[in-house]
Amino acid sequence: MVCLVDKWIDPSLKSLSYHLNGSLITFKAHEYNASIEYYWAPLLVESNSDDPVNHRLPERIVRVQAIEKHARHWTDADIIVFNTYLWWLRDEMKVLWGSFHGPDGIYKEIDMVRAYEMALNTWSEWLEFHVNRTKTQLFFMSLSPTHLRGEEWGLGTGQNCYNETDMIMEEGHWGSGSDPRLMRAVEAAVDGLKTRGVTVKILNITQLSEYRKEAHPTIYRKQWVPLTEKEISNPVSYADCAHWCLPGVPDTWNELLYAYLFHLP
């Protein structure tokens, strides 16, 4: 989003700042008294992956009933765009009832989709009681596809988006990395909110992004952990086929958001 506006603003009239140990990044356009903020909450509710730097953990734990730690930073926004998907992709999630710091927490492994639904329920309840319905516009962006299995578009087993230069041309292509069960869970939560007088628009970016197997950074990205000699000899093994190049596909997502904000009722 910042990429769309940054070039049009004089350097002396803008700023970028970090807050809450990096969980909140704020871009300000001072002349317009406007800000764009990015808040790190990868599972939407509270989890042990909430640290914006040290979140690569062997076991992911989520507090599906706890959102206030994050949500208290959202209450005054004019526009909020929610998104949570990739961090949920596992068969089961370890759910915690209680505090990370208390002795009486109850842990249970729960089917991932059910845990996702529970988190969305907490999210929707918070929106119902804390959002200013006359001020804040709410959006939920659908899942962002991955391109990890080259056999889905005609390559051999073990291949992925590495060295891909063309789009997928098959109309309606849908990869195994996109779980429609989670999209249905979001739709159900949004429908439920509508009956309670809260409007959330879904930004469905999934299908249009499914075709773009060539738009990932692959090996051209920062490596947070030093690569092994074995990985270096086999670029497919560490190619990033989940995130996106910029400029790139996310700019189209922003154009859709722009259309919602300024051209659609």
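Asn-33 is found in the loop between strand E2 (24–29) and strand E3 (34–39); helices (H or I, at least four residues) and strands (E, at least two) are DSSP runs, numbered from the N terminus. The model is a predicted one, in which local features need pLDDT of at least 70 and side-chain atom pairs count only at pLDDT 80 or more, while totals for chains, interfaces and linings use all residues. Residues are numbered from 1 along each chain as its sequence is written, and side-chain values use heavy atoms, with hydrogens and water left out.

Although Asn-33 is a residue other than glycine, its phi is positive, near 50°. With a relative accessible area of 76%, Asn-33 is exposed, where buried means under 20% relative accessible area, exposed over 50%, and partly exposed in between (1.4 Å probe, protein chains only). Leu-44, also not a glycine, has a positive phi of about 70°. Leu-44 belongs to the loop between E3 and strand E4 (46–47), and at 4% relative accessibility it counts as buried. Most residues other than glycine have a negative phi, and most peptide bonds are trans. A cis peptide bond, with omega about -5°, joins Leu-246 and Pro-247. Pro-247 is placed in the loop between H6 and H7.

Which residue forms a disulfide with Cys-161? The partner is Cys-241, and the two sulfur atoms are 2.0 Å apart; a disulfide is here a pair of cysteine sulfur atoms within 2.5 Å. By this rule the count comes to one disulfide. The link of Cys-161 and Cys-241 is left-handed, with -90° about the S-S bond. Because Cys-161 lies in the loop between strand E9 (137–141) and H4, and Cys-241 in the loop between helix H6 (229–232) and helix H7 (249–262), the pair ties together parts that are 80 residues apart in sequence. Cys-161 is buried at a relative accessible area of 1%, and Cys-241 is buried at 2%. Cys-3 is in no disulfide, the nearest cysteine sulfur being that of Cys-245, 12 Å away. For Cys-245, the closest cysteine sulfur is in Cys-161, at 8.8 Å, which is too far for a bond. Cys-245 is partly exposed, with a relative accessible area of 31%.

The helix packing comes next. Helix H3 (residues 112–130) and helix H4 (residues 180–195) pack at an angle of about 25°, their axes 10 Å apart. Axes are lines fitted to C-alpha atoms, for helices over the stretch in contact, and angles run from 0 to 180 degrees between N-to-C directions. H3 is therefore roughly parallel to H4, a term for angles under 35 degrees, with over 145 counted as roughly antiparallel, 65 to 115 as roughly perpendicular and the rest as oblique. On the H3 side, the residues in contact include Met-112, Tyr-116, Leu-120, Trp-123 and Leu-127, and on the H4 side Leu-182, Ala-185, Ala-189 and Leu-193 are among them; contact means heavy atoms within 4.5 Å.

Gly-197 is partly exposed, with a relative accessible area of 44%. The C-alpha atoms of Gly-197 and Pro-145 are separated by 31 Å, the two residues being 52 residues apart along the chain.
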